[in-house]
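Subject: A structure for you to look at

Hi there,

Here is the structure I promised to pass on to you. Please open it next to this email and follow along as you read.

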Amino acid sequence: MKRVIKMLMVFILVFSIFCASFVFQSSAADQSKIKSDLQSIMRNMAPGEKTTVYLYVKSAFKTDPAGLKQVERMTLERLGLTSVPKDIEGQREYNRVNAEILNELMNKYAVELAELLGVPEEDQIHTSILPVWNLTVEQIYLASDQDCVKYMQGHEIDFDYEEGEPILEDQTPDPLIDCIAGTYEIDDKSEISLEYRIPVDNGVVTLFYAESVPFAEEKVYHRLNKYTMYRYSYPEPMLYIADEDRLIELYYAYKTGYVSGGEMDRLARYMQASVYFAGDVNLDGKLDIRDVTSLQRKLAYDSIDPDSVGYYVGNVDDDWSLGINDATVIQRYLAEFDVTFG
């Protein structure tokens, strides 16, 4: 009898420790990162049981100036350049490589996360920016407590029995592509081409093309006081608002507070997403006296190109021409007079 009681007490103790551990993990976890469909699955999981989880990993460089500078150096090194290109084609290639390197770094975070969670190779169905892993409840809670994890959700896996290997239904889901397809009624998602993805606090700044969405052959121009948005033709940059799952134009996103001034500064500094500092005539990512000198030199030598980016960026008085008055307005702004561009 004593032996039975002793065994019962041991069982109760072990069970109590397990429950305490589970409660601790649950309370320490960020429940908001675990989507409702995954939470529903977890409620029916036995201890040690695994389920397929889609994890969305976010960039650690989103708001880190030092990290962004490191990515810039890596981008220039890969391109064999010493400074960010100023021409349109050069900027396009720079943005492409810059996004490529960011993706590589995010892949690296995914690998480190797998090591932290102790996910064996056989449970890693797919590991990259959007990892798809088989995880236990404990591993899900631990993942939700990591800064690099944005959110997690559960999906079913379809099997191709002829090949004998699991195939993800519709491949790895991409909320941005899904939102573009839904917004513009695009049936074939494969026709959607993204030129770049730039992470910001409320989502992703992007530019997309699609054969079934006709865009007018005209310039995109927005004066936003301190900033100028200019593209030589449509389409124009959009903000995908992650929490609301919708798209709005970037200029409107800034005007309505979805994109902060600090984030616009970063875009203008690297001349990304068609954002420039108003008055940055020499396109070096900052507004200073050298822009005044550059403008004066262009006026003196009659070397102004009305189709250039600098023409629109330098036109701070919004009279649709680049002249000595623009140089005066920039000088007054730099001298900290009460000047409004446009």
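Of the 342 residues in the protein chain, 44% are buried, where buried means under 20% relative accessible area, exposed means over 50%, and partly exposed lies in between (1.4 Å probe, protein chains only). The protein chain exposes about 18,800 Å², and carbon and sulfur atoms supply 52% of that area; accessible areas come from the Shrake-Rupley method with a 1.4 Å probe, and for residues only the protein chains shown count as cover.

Before you go further, please note that this is a predicted model, in which local features need pLDDT of at least 70 and side-chain atom pairs count only at pLDDT 80 or more, while totals for chains, interfaces and linings use all residues. Residues are numbered from 1 along each chain as its sequence is written, and side-chain values use heavy atoms, with hydrogens and water left out.

How confident is the predictor? The protein chain has a mean pLDDT of 79, and 81% of its residues reach 70 or more (pLDDT is the predictor's confidence in each residue, from 0 to 100). Over residues 10-28 the pLDDT is below 50, and this stretch has 10 contacts in the model beyond near neighbours in sequence; a contact means heavy atoms within 4.5 Å. Residues 156-171 also have pLDDT below 50, with 15 contacts beyond near neighbours in sequence. Where pLDDT is low, the predicted coordinates should not be read in detail.

Now for the overall build. The protein chain has 11 helices and 13 strands; these are DSSP runs, numbered from the N terminus, with helices being H or I of at least four residues and strands being E of at least two. Among contacts in the protein chain with a separation of 6 or more, 58% are between residues 24 or more positions apart.

The axes of helix 9 (residues 289-300) and helix 11 (residues 324-334) come within 10 Å and cross at roughly 170 degrees. That makes helix 9 roughly antiparallel to helix 11. For the terms, axes are lines fitted to C-alpha atoms, for helices over the stretch in contact, and angles run from 0 to 180 degrees between N-to-C directions; under 35 degrees counts as roughly parallel, over 145 as roughly antiparallel, 65 to 115 as roughly perpendicular and the rest as oblique. On the helix 9 side, Ile289, Val292, Leu295, Gln296 and Leu299 meet Ile324, Asp326, Ala327, Ile330, Gln331 and Leu334 of helix 11. The residues of this contact divide into 8 nonpolar, 2 polar and 1 charged (Ala, Val, Leu, Ile, Met, Phe, Trp, Tyr, Cys and Pro count as nonpolar, Asp, Glu, Lys and Arg as charged, and the others, Gly among them, as polar).

Two residues stand out for their backbone angles. Most residues other than glycine have a negative phi. Methionine 271, however, has a positive phi of about 50 degrees although it is not a glycine. You will find methionine 271 in the loop between helix 8 (261-269) and strand 13 (275-277), and its 4% relative accessibility makes it buried. Leucine 283, in the loop between strand 13 and helix 9, likewise has a positive phi, near 50 degrees, and is buried at 9% relative accessible area.

Which residues does alanine 268 touch? This residue of helix 8 touches Tyr227, Val275, Tyr276, Phe277 and Gly285, leaving out residues up to four places away in sequence. Alanine 268 is buried, with a relative accessible area of 0%. Between alanine 268 and leucine 283 there are 9.6 Å from C-alpha to C-alpha, at 15 residues apart in sequence.

Helix 5 (residues 137-144) is mostly covered, with 6 of its 8 residues buried: Val137, Gln139, Ile140, Tyr141, Ala143 and Ser144. Leucine 116 in helix 4 (residues 88-117) is partly exposed at 47% relative accessibility. Leucine 116 touches Leu142 and Gln146, not counting residues up to four places away in sequence.

Lastly, look at lysine 35, in the loop between helix 1 (2-28) and helix 2 (36-43). Lysine 35 is partly exposed at 34%, and it contacts Tyr151, Met152 and Gln153, leaving aside neighbours within four places in sequence. Lysine 35 and glutamine 153 are 118 residues apart in sequence, yet 5.1 Å apart in space, C-alpha to C-alpha.

Happy exploring!
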